Amino acid sequence: MEKNWDVIIIGGGPAGLAAAIYCGRALRKTLVLEKKVFGGQIINADIIENYPGFAEPIVPAELMDQMVKQTGRYGVILENDEVSSLEWEKGFWQVALYQQTVAAKAIVYAAGSVHRFLGVSGEKELLGRGISVCATCDAPFFLRRKVAVLGGGDTALSEALHLAKFASEVVLIHRRGQFRAEKILQDRVFKNEKIKIIWDSEVLSFKGDQKLEGIELRNKINGTLEIVGFDGAFLAIGTIPNTELLKNIVKLDENGYVITDISLSTDAKGLFVAGEVIKGNRRQVAISVGMGVQAALSCEEYLASLD
Amino acid sequence: MAEIISANDMNFEGFIKNNRMIIVDFWAPTCMPCRLMEPGLEKIAASHQESVKVLKVNVNDCPKTSSRFFVHTLPTLLFIKDGQVKTQIVGAVNPNQIEKTLIEVS
């Protein structure tokens with residue numbers, strides 16, 4: 001891998017790839033680094049129905065594959081590698097990787113987020129043994145079984161709808177009395193006979209020895225405790241931003257999100273952000289793509305000022 | 001160029017007996033991250049064609065093999081050397097991570 005770049009984009013999800021297309025078209029020597037697989041978390045979803053420009057539902061993995069190929073048209077280099085540190089030194093951002101350090105005049109940080117876990121008893125032990133974070137990945141293991149989905153947002157409801165194609169019964173467990181998901185998803189959930197809802201309840205623990213057998217719940221209204229039997233539990237309770245590398249560089253809020261404005265620039269010179277690392281993001285592919293574009297344009301303005 | 005071989009409940013044992021080092025990719029058609037991992041696995045199969053056999057097992061069609069290795073989440077990669085499971089990777093990973101793990105277990 002070459003050492004010096006105009007722009008290094010950290011994160012190969014929708015925000016990072018959109019930024020890459022624009023940086024590439026600005027004829028900047030651009031490297032995109034992704035520690036997992038290119039595409040971001042959206043590849044875990046079974047379909048996308050709300051990405052403008054597609055009349056029919058699209059498969060996220062195919063959409064992201066197209067974005068990857070699109071970056072290739074503009075000479076952008078994509079590499080799988082993990083960034084271990086990010087430092088400003090002698091006018092360049094030094095990006096330490098697994099086996100080498102690369103440098104760039106500017107960074108677009110679009111490292112996305114990771115699944116949030118509840119941190120309750122039994123969760124860690126039973127992860128992969130009935131507890132899952134990806135319905136499209138693991139639904140086949142729950143054919144004609146009873147599963148729970150925890151959460152009340154778009155991801156939770158989409159996962160419940162997907163699981164209903166496999167499981168005998170799907171129970172959505174939500175800590176509030178109403179969902180915040182898109183109304184169209186709520187409508188489908190309410191009409192699906194396989195999906196039941198437990199409102200206003202929080203998970204106290206996961207029960208099971210070698211595999212998940214039940215979930216201990218507490219009703220937040222009347223305090224009732226109960227253990228409900230389940231074969232599977234899918235967590236869709238939000239995410240945590242991947243901003244560990246930024247914590248000594250830019251100002252983060254109490255949850256680790258970057259605080260920025262419409263320019264998506266930061267207090268750090270030549271460092272721009274996009275996607276799910278930003279405070280107030282709504283976890284939509286279209287928004288992440290838009291942010292990637294905005295960050296790339298701000299980045300280009302910065303680079304032009306150095307030329 | 002070496003290809004990834006589709007294995008099933010009937011022929012899986014034969015692959016174990018006849019190959020020193022095997023990577024098994026447990027997948028399902030509905031698993032999107034599994035699809036994105038495939039090019040990386042093809043790369044590994046090609047670059048290690050002399051020493052490593054890369055198998056893919058569709059969990060929907062191969063319940064016996066999936067249960068045998070307690071596969072409950074996808075994608076799961078098993079690294080089997082001399083018939084023994086050396087390690088596994090759960091979740092989507094890139095070719096570099098597979099390569100790194102391969103070096104560790106070889």
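Predicted model: local features only at pLDDT ≥ 70, side-chain atom pairs only at ≥ 80, totals over all residues.
Two packed helices are described by the angle between their axes and the distance between the axes. Helix H5 of chain A (residues 154-163) and helix H6 of chain A (residues 183-191) have axes that come within 10 Å and cross at roughly 35°. The crossing of H5(A) past H6(A) is left-handed. On the H5(A) side, the meeting residues are A:Asp154, A:Leu157, A:Ser158, A:Ala160 and A:Leu161, and they face A:Leu185, A:Gln186, A:Arg188 and A:Val189 of H6(A). Sorted by class, the residues of this contact comprise 5 nonpolar, 2 polar and 2 charged.

Strands of a sheet pair through backbone hydrogen bonds, either parallel or antiparallel. In chain A, 3 strands in the order S12-S13-S14 form an open sheet with antiparallel pairing. Strand S12 (201-207) and strand S14 (225-229) of chain A lie at the edges, each pairing on one side only. Direction ignored, neighbouring strands of this sheet are turned by 30° against each other on average. Strand S13 of chain A (residues 214-219) runs antiparallel to S14(A), and 5 bridges join the two. Within that pairing, A:Arg218 has A:Leu225 of S14(A) as its bridge partner.

Strand S4 of chain A (residues 85-89) pairs with strand S5 of chain A (residues 92-96) in the antiparallel sense, over 5 bridges. The hairpin has 2 residues between the strands, and A:Lys90 takes a positive phi near 50°.

Strand S1 of chain B (residues 5-6) runs parallel to S3(B) and is joined to it by 2 bridges, with B:Ile5 standing opposite B:Leu55 in S3(B). Strand S2 of chain B (residues 21-27) likewise pairs with S3(B) in the parallel sense, over 6 bridges. In this pairing, B:Phe26 has B:Val57 of S3(B) as its bridge partner. Between S2(B) and S3(B) the chain crosses through helix H2 of chain B (residues 32-47), making a right-handed β-α-β crossover.

In chain B, the peptide bond from B:Leu74 to B:Pro75 is cis, with omega near -10°. B:Pro75 sits in the loop between helix H3 (63-68) and strand S4 (76-81) of chain B. The loop between H3 and S4 of chain B also holds B:Phe70, which has a positive phi of about 55° although it is not a glycine. B:Phe70 counts as partly exposed because it has 13 C-beta neighbours inside 10 Å. In chain A, A:Arg144 is another residue other than glycine with a positive phi, near 55°. A:Arg144 lies in the loop between helix H4 (135-138) and strand S9 (146-150) of chain A, and it counts as exposed because it has 9 C-beta neighbours inside 10 Å.

A:Val289 belongs to helix H7 of chain A (residues 285-306). With 23 C-beta neighbours inside 10 Å, A:Val289 counts as buried. Leaving aside neighbours within four places in sequence, A:Val289 is in contact with A:Pro14, A:Ala15 and A:Ala18. A:Val289 and A:Ala18 are 271 residues apart in sequence, yet 5.4 Å apart in space, C-alpha to C-alpha.

Conventions. Residues numbered from 1 in each chain as written. Chains lettered and ligands numbered in written order. Axes fitted to C-alpha atoms, helices over the stretch in contact; angles between N-to-C directions. Helix = DSSP H or I, 4+ residues; strand = E, 2+ residues; numbered from the N terminus. Left-handed = near helix turned anticlockwise from the far one by under 90°. Contact = placed C-beta atoms within 7 Å. Nonpolar A, V, L, I, M, F, W, Y, C, P; charged D, E, K, R; others polar. Pairing = 2+ DSSP bridges. Right-handed = clockwise from strand over helix to strand, strands pointing away. Buried ≥ 20, exposed ≤ 12 C-beta atoms within 10 Å, placed from the backbone.
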